[in-house]
Amino acid sequence: MATTIDDHIGQRQHSLLSWLTSRQTFWVLIAVILACAFLSFATDSFATSNNLFNVTRNFTFVAVIALGMTIVIITGGIDLSVGSVLCLCSMVLAVTMHAGYSIEVGIAASLGTALIIGAVNGVLIAYVGMPPFVVTLGMLSIARSLAMVASNNTVVYQFGPDHDKLLALGGGHFFFGIANPVIYMVVLTLITAFVLRWTRFGRHVYAIGGNENAAVLTGVPVKQIKVAVYMISSLSAGIAGVIETGWLGAVTTNLGTGMELQVIAATVIGGANLAGGVGTAFGAIVGAALIEIIRNSLGLLGINAFWQGAFIGSFIIVAVLFDRIKNLRQPS
Amino acid sequence: MPVLEISNVSKHFGAIHALNDVSFSLEPGEVIGLMGDNGAGKSTLVKIIAGNFRPTHGSLKMDGRELVMHKPVEARQHGIEIVHQHLALCDNLTAAANVFLGRELRKGVGPFRVLDYGAMYKRAGELFKELKSETRPRDLVKQMSGGQRQAVAIARTRLSDAKIVLMDEPTAAISVRQVAEVLNLIRHLRDQGIAVVLISHRMPDVFTVCDRVVVLRRGRKVADRPIALSSPEEVTGLITGAIEQVA
Ligand SMILES: Nc1ncnc2c1ncn2[C@@H]1O[C@H](COP(=O)(O)OP(=O)(O)OP(=O)(O)O)[C@@H](O)[C@H]1O
Ligand SMILES: [Mg+2]
């Protein structure tokens, strides 16, 4: 008996190491640390508290949406509308508050909009059976257009009586000098990680991505879960929109343009598989961090900012390639 | 009294008539072999009994009472358990997660209930031992052999006290030894008074373990006979259509 327990423990330790090294998240985390170390030595400006404050705050918007996107991608879906939904939700918040309503009403209207858009996406995908790519691509166009209609394509920078509250919410720091957006991100990451690992909903999200047909046959409420998943994704974009509005202090109708690509890149780099069934909340955050550090370092190293798109695009391709190679090594 | 009675059931998918006016009944402790060519409608019938499909016409009765189901959970509540064709497994989940898929165990109170990993691993482990399978509850199904995957799908049927177990080709793609284990399990279920429907293309399986054979051809029932009065040749003829129909 004693030997079997020892064997068991030995096996556990061994498998912990092999488990770690088999995780994409682990390698991306290493990459983030190496990049930070390199930049601290190579530049004088990276390791300053000011720059670190900027980096952490900048990546939170992508990271928060990447949490919602990860859940969608685990089910085998995709949500291309998040950048536009972020813009629309920011605009709804701005216009509502500009009209004299309180911050509570503004946020409720904004997040309500997000939930409605997510529900429309989800119903068309789950009940009507349309491909997620098509539905959310359409919504990408619709949401941005609605944002232009809502604001008459102007910049909104006055948020009525609760103006200062909104700016403090997004731009301030309530705890120990940590930027508020970072706190929201940490809380949302913990919630997402908890839901994915410890709830029946989370288990079913993975099941749908693994084998949707099996999920249907075993009685998983696949359609309801798909609708919920797209609502969560939209809601995450809405939350990011609210925070970003408070941080920027102004909303334009080109806010969040092209953001879906950064978000998808973050999730995929963080180990989510576009084919479904695989992904973690922590991975999404680490992926978002890596993208922001690369983006930041381009500026610090004096590389033209136009290269950014090339880097992000290559990252998506390399991450998927990585996955391919892994699958080739272990034939099923 | 029959535990399950299927009366004049038809299922149409648009123009495709997958089942046409099929009736038969199932006694407790009876093992029925359901046979038929590819596309004959066997899996469709299973999915109707499993609560995945509603019949277009006809009705089901359980223990003499009308049975109307809208989702698979309801079938399970009535004591109907299924091993689906192709097993219906999620490769990305563990063996235990697959066994409990759609009825995960939870602990806690009210809205604060979380998955009970410990209990699910433990119970799944017990079931695999009962099935004499080498399957480990924490392993991913992706890495499993055909026999282990089979064990996972079959373990599902042992989670609750079933009255009826339907097995849609449970012996496809497994070794001779494992086929024998599955057939033993079917006998074990029968001895407990559980009714079993075995769908198989393998004549020897059906003739070793079944009491009765029902043959479907193009959605119609063409035979329903005690196994002792039939023969593999006759059944083959019925499946292919060489023999039109027997009483
Ligand atoms: N969801 C569906 N939609 C449309 N047609 C279907 C559906 N499910 C089954 N069918 C059709 O119904 C018929 C019967 O199919 P079924 O799967 O019941 O056959 P089967 O007897 O199980 O065959 P096999 O031995 O190949 O498993 C086939 O023509 C099939 O194409
Ligand atoms: Mg079939």
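Buried means under 20% relative accessible area, exposed over 50%, and partly exposed in between, with a 1.4 Å probe and protein chains only.

## Basis

This is a predicted model, in which local features need pLDDT of at least 70 and side-chain atom pairs count only at pLDDT 80 or more, while totals for chains, interfaces and linings use all residues. Residues are numbered from 1 along each chain as its sequence is written, chains are lettered from A and ligands numbered from 1 in the order in which they are written, and side-chain values use heavy atoms, with hydrogens and water left out.

## Helix α12 of chain A

The buried residues of α12(A) are A:Met259, A:Glu260, A:Val263, A:Ile264, A:Ala265, A:Ala266, A:Thr267, A:Val268 and A:Ile269. That is nine of the eleven residues of the helix (residues 259-269), so α12(A) is largely enclosed by the rest of the structure. Helices here are DSSP runs of H or I with at least four residues, strands are runs of E with at least two, and both are numbered from the N terminus. Just after α12(A), A:Gly271 takes a positive phi of about 105 degrees.

A:Val32 sits in helix α2 (residues 24-42) of chain A. A:Val32 is buried, at a relative accessible area of 10%. Contact means heavy atoms within 4.5 Å. Leaving aside neighbours within four places in sequence, A:Val32 is in contact with A:Val286, A:Leu290 and A:Ile293. A:Ile294 is 262 residues away along the chain, yet its C-alpha atom is separated from that of A:Val32 by 9.0 Å.

## A nonpolar patch on chain A

A:Val123, A:Tyr127, A:Val128, A:Met130, A:Phe133, A:Val134 and A:Leu137 make a nonpolar surface patch of about 620 Å². Patch residues have over 30% relative accessible area and no salt bridge; like charges are joined within 9 Å, and nonpolar side chains (Val, Leu, Ile, Met, Phe, Trp, Tyr) within 5 Å. A salt bridge is a side-chain nitrogen of Lys or Arg within 4 Å of a carboxyl oxygen of Asp or Glu. Areas come from the Shrake-Rupley method with a 1.4 Å probe; for residues, only the protein chains shown count as cover.

Helix α6 (residues 132-151) of chain A gives the largest share of the patch, three residues. A:Met130 lies in the loop between α5 (103-126) and α6 of chain A. A:Met130 is partly exposed, with a relative accessible area of 32%.

## The sheet of chain B

Four strands of chain B form an open sheet in the order β2-β1-β4-β5, with antiparallel pairing. β2 (16-26) and β5 (65-67) of chain B stand at the edges with a single partner strand each, so one side of each is left without a neighbour in the sheet. The twist averages 30 degrees from one strand to the next. Two strands pair if DSSP finds at least two bridges between them.

Strand β1 (residues 4-13) of chain B runs antiparallel to β2(B), joined by seven bridges. B:Leu4 has B:Leu26 as its bridge partner in β2(B). Helix α1 (residues 42-49) of chain B lies across β1, β2 and β4 (57-62) of chain B, at about 115 degrees to β1(B). Axes are lines fitted to C-alpha atoms, for helices over the stretch in contact, and angles run from 0 to 180 degrees between N-to-C directions.

## A hairpin in chain B

Strands β7 (residues 106-109) and β8 (residues 112-115) of chain B pair in the antiparallel sense over four bridges. B:Lys107 stands opposite B:Val114 in β8(B). β7(B) and β8(B) form a hairpin with two residues between them, and B:Gly110 in the turn has a positive phi of about 55 degrees.
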